[in-house]
Amino acid sequence: MPIRKITEYPEKVLGEVGRPVTKFDQELANLCSDMFETMYDAEGVGLAAPQIGLNLRLFVMDCEDIKLIAANPEIIATEGEQSSQEGCLSVGKVPAVVVRPQKARLRAQNEKGEWFEQDAEGYAARAFMHETDHCNGTLFIDHLPKMRRDMLVKKFKKEKTWK
Ligand code: NI
């Protein structure tokens with residue numbers, strides 16, 4: 001079952017806090033490989049487990065020169081500020097400008113359960129924060145002022161009915 005169906009806003013799982021990953025076995029490795037395939041197929045740079053309907057703290061990412069699997073991710077440090085366009089495969093790629101820190105340090109476990117830390121800047125740092133948010137039931141639109149959020153959701157729903 002390689003390419004999975006991507007869940008879209010407002011499916012419930014996208015708003016739930018994910019369960020921790022506790023088993024680092026072949027099943028997890030297979031799941032991550034499916035997630036990479038699904039992400040590349042959708043031309044995304046990151047994909048979190050809730051986006052394929054799983055309530056799990058897990059994401060995969062391939063953004064700029066950083067390719068990784070992150071289980072139980074946490075952002076443990078941030079610095080500076082950046083303001084640029086951001087989109088999400090679960091919100092039909094409708095983009096919006098989101099203000100976030102310029103740098104971020106990620107702490108997570110790889111597919112073997114080994115903890116690691118990774119620093120990123122700019123777009124890749126944004127991806128760290130966006131995907132970690134997914135594991136906490138937060139979407140990028142939740143960072144927008146209410147009026148802008150409502151406008152974006154309206155635009156997304158309209159686009160959906162065209163499909
Ligand atoms: Ni997303």
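## Nickel site, helices and strands

Guide: In this predicted model, the nickel ion has three protein atoms as donors, SG of Cys88, NE2 of His130 and NE2 of His134, at 2.1 to 2.2 Å.

Visitor: What makes Cys88, His130 and His134 donors of the nickel ion?

Guide: A donor is an N, O or S atom within 2.8 Å of the metal. The atoms concerned are SG of Cys88 and NE2 of His130 and His134, and they lie 2.1 to 2.2 Å from the nickel ion, so they count as donors under that cut-off. Water is not among the atoms, so the site may look incomplete.

Visitor: How are the donor residues of the nickel ion spaced in sequence?

Guide: The pattern is C-x41-H-x3-H. Cysteine 88 and histidine 130 link distant parts of the chain, being 42 residues apart. Cysteine 88 sits in the loop between strand 4 (82–86) and strand 5 (96–100), and histidine 130 in helix 2 (residues 122–135). Both cysteine 88 and histidine 130 are buried.

Visitor: What makes tyrosine 123 buried, partly exposed or exposed?

Guide: The partly exposed class lies between buried, under 20%, and exposed, over 50%. Tyrosine 123 has a relative accessible area of 44%, and is therefore partly exposed. Tyrosine 123 is also in helix 2. Setting aside neighbours within four places in sequence, tyrosine 123 is in contact with Val45, Cys63, Glu64 and Gln82.

Visitor: Which residues of helix 1 are buried, and what covers them?

Guide: The buried residues are Leu28, Leu31, Cys32, Asp34, Met35, Phe36, Thr38 and Met39. Their cover includes strand 1 (46–48), strand 2 (58–63) and strand 3 (66–79).

Visitor: Why are the rings of phenylalanine 36 and tyrosine 40 called a pair, and of what kind?

Guide: Ring centres have to lie within 6.5 Å for a pair, and planes under 30 degrees apart count as stacked. Here the centres are 6.0 Å apart and the planes are at 20°, so phenylalanine 36 and tyrosine 40 form a stacked pair. By this rule the count is one aromatic pair.

Visitor: What separates phenylalanine 36 from tyrosine 40 along helix 1?

Guide: Phenylalanine 36 and tyrosine 40 are four residues apart, which means about one helical turn. An α-helix has 3.6 residues a turn, so residues three or four places apart point the same way. Phenylalanine 36 is buried at 12% relative accessible area, whereas tyrosine 40, at 39%, is partly exposed.

Visitor: What makes lysine 67 count as a charge over the face of phenylalanine 36?

Guide: NZ of Lys has to be within 6 Å of the ring centre and within 35 degrees of the ring normal. Lysine 67 lies over the face of phenylalanine 36, at 5.0 Å from the ring centre. Arginine 107 lies over the face of tryptophan 115, at 4.1 Å from the ring centre.

Visitor: Why is strand 2 said to pair with strand 3?

Guide: At least two bridges are needed for two strands to pair. Strand 2 and strand 3 have six bridges in the antiparallel sense, with leucine 58 opposite alanine 71. In their hairpin, two residues stand between the strands, and glutamate 64 has a positive phi near 55°. Strand 1 also runs antiparallel to strand 2, over three bridges, including that of leucine 47 with valine 60. Five of the six residues of strand 2 are buried.

Visitor: How many bridges does strand 6 (residues 103–109) form with strand 3, and how many with strand 7 (residues 115–121)?

Guide: Six bridges join strand 6 to strand 3, antiparallel, and threonine 78 is the partner of alanine 104. Seven antiparallel bridges join strand 6 to strand 7, where arginine 105 stands opposite aspartate 119. The hairpin of strand 6 and strand 7 has five residues between the strands, and glycine 113 has a positive phi near 95°.

Notes:
Residues numbered from 1 in each chain as written. Predicted model: local features only at pLDDT ≥ 70, side-chain atom pairs only at ≥ 80, totals over all residues. Heavy atoms only, no water. Buried < 20%, exposed > 50% of the residue type's maximum accessible area, 1.4 Å probe, protein only. Contact = heavy atoms within 4.5 Å. Donors = N, O, S within 2.8 Å, 3.2 Å for Na, K, Ca; no water. Phe/Tyr/Trp six-rings, centres within 6.5 Å; stacked < 30°, edge-to-face > 60°.
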